[in-house]
Amino acid sequence: MTTPTEEKCVVLVNGIPASGKSTLARALAQQFGLPVLTLDSLKEPFMASFAPVDRLRNRQLGCAAYQAIWKIVGQAPASCVYLIDAWFGFQPKAVLEEGLQHAGVTRVLELWMAITPDEVVARYQARLEQRMPGHPGAEYLPELRQLAERAQPMALGPVLQLDARAPDVAAAQAWLQRQLQRQSARALSASG
């Protein structure tokens, strides 16, 4: 748990499936030396162990991975800022708020990967062959299209929206640098 002078911060790299979250998270992790947690990296070992995985089991494993993320964040010191690569809208916003609270997170930064329905369908379809069995297949494309039409950032703190077709990684890096510097300045003034 954080003390009154400490802020525990996470960076949500948010967007619907195939919006480019993982590519952005890797670039930011490389630039800032921050650890990355992803839903897929936590759930895919279980998908492999419990194969075959249907859509319901995939969702159950996703929910469990989501809870594991907040357990990991909760056990880390306040100075550890995680990049969390996930589609946060797959559950109600209240579930995210509860996870953040249990993890002791007091500051949320969000990078939102905005993508058009046509672009996300094309991207998802292009990578179907590369996805681990157990992830939704081509039958998911109509649902994904509808999701792209209504998906929004979580907006629990500052948000930077990026165009997923050509994300400005330099702008994302500069924005995150400013946000993290503000957090450091507040921590210094609170402790001094």
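# Close-up views of a predicted model

**View A. The buried residues of helix 6.** Helix 6 spans residues 141–150, and its buried residues are Leu141, Leu144, Leu147 and Ala148. Looking down the axis of helix 6, these buried residues fall within an arc of 115 degrees, so they line one face of the helix. Pro142, Glu149 and Arg150, on the other side of helix 6, are exposed. The buried residues of helix 6 pack against helix 5, which covers 117–126. This view, like those that follow, shows a predicted model.

View B. Five strands form an open sheet; their order is 2-3-1-4-5 and their pairing is parallel. Strand 2 (36–38) and strand 5 (159–163) are the edge strands, each pairing on one side only. From one strand to the next, the twist averages 20 degrees. In general, strands of a sheet pair through backbone hydrogen bonds, in either a parallel or an antiparallel way.

**View C. Strand 1 beside strand 4.** Strand 1 (residues 9–14) and strand 4 (residues 107–114) run parallel and are joined by 6 bridges. Val10 has Val108 of strand 4 as its bridge partner, and Asn14 stands opposite Trp112 in strand 4. Strand 4 is mostly covered, with 7 of its 8 residues buried.

**View D. Strand 4 beside strand 5.** Strand 4 pairs with strand 5 in the parallel sense, over 5 bridges. Trp112 has Gln161 of strand 5 as its bridge partner, while Met113 stands opposite Leu162 in strand 5. The side chains of strand 5 alternate along the strand.

View E. Helix 3 (residues 55–75) lies across strand 1, strand 2 and strand 3. Helix 3 runs at about 175 degrees to strand 3.

**View F. The contact of helix 3 with helix 4.** Two packed helices are described by the angle between their axes and the distance between the axes. Helix 3 and helix 4 (residues 93–102) pack with their axes 8 Å apart, at an angle of about 30 degrees. Angles under 35 degrees count as roughly parallel, so helix 3 is roughly parallel to helix 4. On the helix 3 side, the contact is made by Tyr66, Gln67 and Trp70. Helix 4 contributes Val95, Leu96, Gly99 and Leu100. Sorted by class, the contact of helix 3 with helix 4 has 5 nonpolar residues, 2 polar residues and no charged residues.

**View G. The buried residues of helix 2.** In helix 2, which spans residues 39–49, Leu39, Lys43 and Met47 are buried. Around the axis they cover an arc of only 55 degrees, which puts them on the same side of helix 2. Strand 2, helix 3 and strand 3 are included in what covers the buried residues of helix 2.

How values were computed:
Residues numbered from 1 in each chain as written. Predicted model: local features only at pLDDT ≥ 70, side-chain atom pairs only at ≥ 80, totals over all residues. Heavy atoms only, no water. Buried < 20%, exposed > 50% of the residue type's maximum accessible area, 1.4 Å probe, protein only. Helix = DSSP H or I, 4+ residues; strand = E, 2+ residues; numbered from the N terminus. Arc of directions from axis to C-beta. Contact = heavy atoms within 4.5 Å. Pairing = 2+ DSSP bridges. Axes fitted to C-alpha atoms, helices over the stretch in contact; angles between N-to-C directions. Parallel < 35°, antiparallel > 145°, perpendicular 65-115°, else oblique. Nonpolar A, V, L, I, M, F, W, Y, C, P; charged D, E, K, R; others polar.
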